[in-house]
Amino acid sequence: EKGGFEHFMLKEIHEQPKAVKDTINAYVKDGEIVFSQVGLSDEQLKNLERIYIVACGSAYHVGMSAKYILESLADIPVEVDLASEFRYRDPKLIENSMVIVISQSGETADSLAALRLSKEKGRPVLGIVNVIGSSIARESDYVLYTYAGPEISVATTKAYSTQLVAMYLLTIQLAKVKDKITEEREAELLTEMATLPDKIQRVLEDKERIQWFASKYANAKDIFFIGRGLDYAISLEGSLKMKEISYIHSEAYAAGELKHGTISLIEDGTLVVGVLTQQALFEKTVSNLVEVKSRGAYLMGLTSYGNYAVEDTADFSVYVPKTEQYFMNSLAIVPLQLMGYYVSVAKGLDVDKPRNLAKSVTVE
Ligand code: F6R
């Protein structure tokens, strides 16, 4: 049942090209996004003035990622909340808004409660859900299913990747109906999105190098992941993958925030992973890497092919193929998933069932 892989997590990491392709193919027909299955009309999307995204854990990180893309490409204000926080405050949801609840299982108690609260407040809810017929799918006004297939490993990988695709599709459609992008730009984005499965496959082919690096760092005490913008959202997910399955303390920081306290935690040999996929922020994050290096940090740089300048600062560099800057998360997350996986394996831990965690959190 593990298809020749040692763990479900590794199998699911390798299923990402297919999961991403299946999710794209479910909604892109003859070069156009078709949302008839979702039930959302162009008219409804056009009238939206604000989006609230609510989720937990990795799904929340997808929301963080989506905020940068939606605001920049579709020019719409976005707020992102943890479901466990959203449900216990009195969120002000403006009239022409929509709430998006992202959930693999569709059964997460806090996310379901946030959905119900949004409906009580009279706002439409779009569920981005993997499990067909789950509670969140049933109670949402609209459902955009992801096509990851069943995910067994507690740590999410392929569902996360398909949730990103769902958000790309929604963003492009919104940008189109709101006249924020030209037809040429839309076609360019869809063409590039279609290359993601092959590019993810190429990242997977480099896994031995990550495995080697992970085995070297299996005894690390702390790991920090830093980045700016979309790279910060990638860092959050990379850090969660690491801590949940390897039990190594790790934290993600917006690179510019280091000076406000975190840098005091950097000691001789502390591993700092710099995520540098966003061209406009590259130099800014490099300067933060230089700062931690001078405090003794060991640096891993994660960027795309061509950005070889990272080697002037980083001790170990990982490259992923180039793609549209908005889609970089889909490629950059893969080495970080593999890193968490291989550290966990090197430590002899129960990768698929980390201690204290459940696949679906149905109690708050
Ligand atoms: C982390 C992970 C969790 C889930 C979170 C939400 O690898 O799997 O953080 O993302 O519990 O679960 P769903 O998406 O089922 O609502």
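There are 23 salt bridges in this structure. Before I go through some of them, note that the model is predicted.

I will start with Lys 158 and Glu 15. Their side chains form a salt bridge, with 2.8 Å from N to O. How do the two ends compare in accessibility? Lys 158 has 3% relative accessibility, so it counts as buried. Glu 15 has a relative accessible area of 23%, and is therefore partly exposed; the cut-off for buried is under 20%. The pair is also part of a network of salt bridges, in which Lys 11, Glu 15 and Lys 158 are linked.

Next, a pair within one helix. Glu 237 and Lys 241 make a salt bridge, and their closest N and O atoms are 2.7 Å apart. Both residues are in helix H12, residues 230-246, and because they are four residues apart there, about one helical turn separates them. In general, an α-helix has 3.6 residues a turn, so residues three or four places apart point the same way. Is this pair buried or exposed? Glu 237 is buried, and Lys 241 is buried as well.

Asp 231 is buried but has no salt bridge. Which side chain of opposite charge is nearest to Asp 231, and how far away is it? That is Arg 228, at 8.6 Å. What the Asp 231 side chain does have is a polar contact of 2.4 Å with the side chain of Thr 277. Leaving aside residues up to four places away in sequence, Asp 231 touches Val 275, Leu 276, Thr 277 and Gln 278.

Gly 229 is in the loop between strand S8 (222-227) and H12. Gly 229 and Tyr 68 are 161 residues apart along the chain, yet their C-alpha atoms are separated by 7.0 Å. With residues up to four places away in sequence not counted, Gly 229 touches Tyr 68 and Leu 281.

Last, helix H4, residues 57-73. H4 has 17 residues, and the distance from its first C-alpha to its last is 25 Å, close to the 24 Å expected at 1.5 Å a residue. The helix bends by about 25 degrees at Ala 66. How many of the residues of H4 are buried? The count is 12 of its 17 residues, and H4 is mostly covered. Among the buried residues are Tyr 60, His 61, Met 64, Ile 69 and Leu 70. Ala 66, where the bend falls, is buried too. After H4 comes Asp 75, which has a positive phi, near 55 degrees.

Definitions and conventions. Residues are numbered from 1 along each chain as its sequence is written. This is a predicted model: local features need pLDDT of at least 70, side-chain atom pairs count only at pLDDT 80 or more; totals for chains, interfaces and linings use all residues. Side-chain values use heavy atoms; hydrogens and water are left out. A salt bridge is a side-chain nitrogen of Lys or Arg within 4 Å of a carboxyl oxygen of Asp or Glu. Buried means under 20% relative accessible area, exposed over 50%, partly exposed in between (1.4 Å probe, protein chains only). Helices (H or I, at least four residues) and strands (E, at least two) are DSSP runs, numbered from the N terminus. The expected span of a helix is 1.5 Å times one less than its number of residues. The bend at a residue is the angle between axes fitted to the seven residues ending there and the seven starting there. Lys and Arg count as positive and Asp and Glu as negative; His and the chain ends are not counted. A polar contact is a pair of N or O atoms within 3.5 Å; within protein, one must be able to donate a hydrogen and the other to accept it, and residues adjacent in sequence count only if both atoms are side-chain atoms. Contact means heavy atoms within 4.5 Å.
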